[in-house]
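Subject: Structure for your files

Hello,

Here is the structure I said I would pass on. My notes on it follow below.

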Amino acid sequence: MTRFHGICRYATCVIPISAFFASSLWFGNTAYLFISVAFIQMLKALMPVATFLMAVICGTDKLRCDLFLNMLLVSVGVVVSSYGEIHFNIVGTVYQVTGIFAEALRLVLTQVLLQKKGLTLNPVTSLYYIAPCSFVFLFVPWYLLEKPGMEVTQIQFNFWIFFSNALCALALNFSIFLVIGRTGAVTIRVAGVLKDWILITLSTIIFPESTITQLNIIGYAIALCGVVMYNYLKAKDARLTQTPVESIPDRAAKV
């Protein structure tokens with residue numbers, strides 16, 4: 001009976017999360033074939049919008065006027081940034097936006113399916129369960145869409161590039177886990193904004209085709225203002241939620 005419950009839990013928790021995780025990886029990586037790294041980072045400013053919409057649809061968050069106005073500000077900024085993109089490509093943009101919404105749905109499903117079931121998984125344990133299932137989901141589009149156009153002579157496997165990328169991905173997961181444990185999720189969000197600026201700057205230096213216009217910068221700055229305000233409001237909500245819980249020991253000590 002315990003084994004049956006384990007299989008049901010795997011089917012209802014791990015498989016849906018793995019499916020959307022694989023979708024976000026495939027759509028997001030495919031977008032790099034059509035649009036520049038800098039523009040992809042600008043489009044990623046839509047992540048709070050997508051997460052908020054998915055959370056409202058799934059019932060884990062409420063539709064609030066202040067958050068809605070922030071989401072509207074972010075969306076306007078992304079639209080302005082897209083309008084100013086020199087090498088705009090509709091296919092790559094659709095791929096990237098689809099990957100963003102798939103990642104947002106994965107995050108919301110993680111909250112709905114895991115937290116409400118009383119499960120707590122750190123990044124290492126999550127990868128242990130999710131990675132094999134995600135590999136299966138990624139294998140399907142590769143076999144159907146990419147493999148027919150591939151030739152063995154085109155495949156150039158470089159062990160050191162592959163190993164260094166895998167090592168960086170592992171280090172990223174460990175660093176996120178450590179930073180959240182020692183500081184909090186707000187610090188991760190602020191660091192994510194800084195990371196986006198660094199990536200945009202480096203991409204314009206390393207890749208000459210990733211040129212950005214003044215309209216790109218203005219649009220991304222508008223979107224960034226919305227993201228910062230969204231993070232501030234969520235952090236404020238978190239403090240208000242934690243205050244009653246933290247005040248209980250103080251009241252007990254006074255008694």
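In this predicted model, the span of residues 126-145 is 100% helix and 0% strand, and its end C-alpha atoms lie 28 Å apart. For residues 213-233 the figures are 95% helix and 0% strand, with 31 Å between the end C-alpha atoms. Both spans come from the UniProt record, an unreviewed entry, where they carry the annotation "transmembrane region". The record gives that annotation to other stretches too, including residues 7-27, 33-55 and 94-114.

Helix α3 covers residues 47-58, which is twelve residues. From its first C-alpha to its last, α3 reaches 16 Å, close to the 16 Å expected at 1.5 Å a residue. The buried residues in α3 are P48, V49, A50, T51, F52, M54 and A55. Just after the helix, G59 has a positive phi of about 85°.

The other item is S24, which sits in helix α1 (residues 2-31). Is S24 buried or exposed? S24 counts as buried because its relative accessible area is 11%, and the cut-off for buried is under 20%. A polar atom of the S24 side chain lies 2.7 Å from the backbone oxygen of F21. If neighbours within four places in sequence are set aside, S24 is in contact with G99, A102 and E103.

Regards

Key
Residues are numbered from 1 along each chain as its sequence is written. This is a predicted model: local features need pLDDT of at least 70, side-chain atom pairs count only at pLDDT 80 or more; totals for chains, interfaces and linings use all residues. Side-chain values use heavy atoms; hydrogens and water are left out. Helices (H or I, at least four residues) and strands (E, at least two) are DSSP runs, numbered from the N terminus. Buried means under 20% relative accessible area, exposed over 50%, partly exposed in between (1.4 Å probe, protein chains only). A polar contact is a pair of N or O atoms within 3.5 Å; within protein, one must be able to donate a hydrogen and the other to accept it, and residues adjacent in sequence count only if both atoms are side-chain atoms. Contact means heavy atoms within 4.5 Å. UniProt positions are given in the numbering used here, feature names are shortened, and annotations may be inferred rather than shown by experiment. The expected span of a helix is 1.5 Å times one less than its number of residues.
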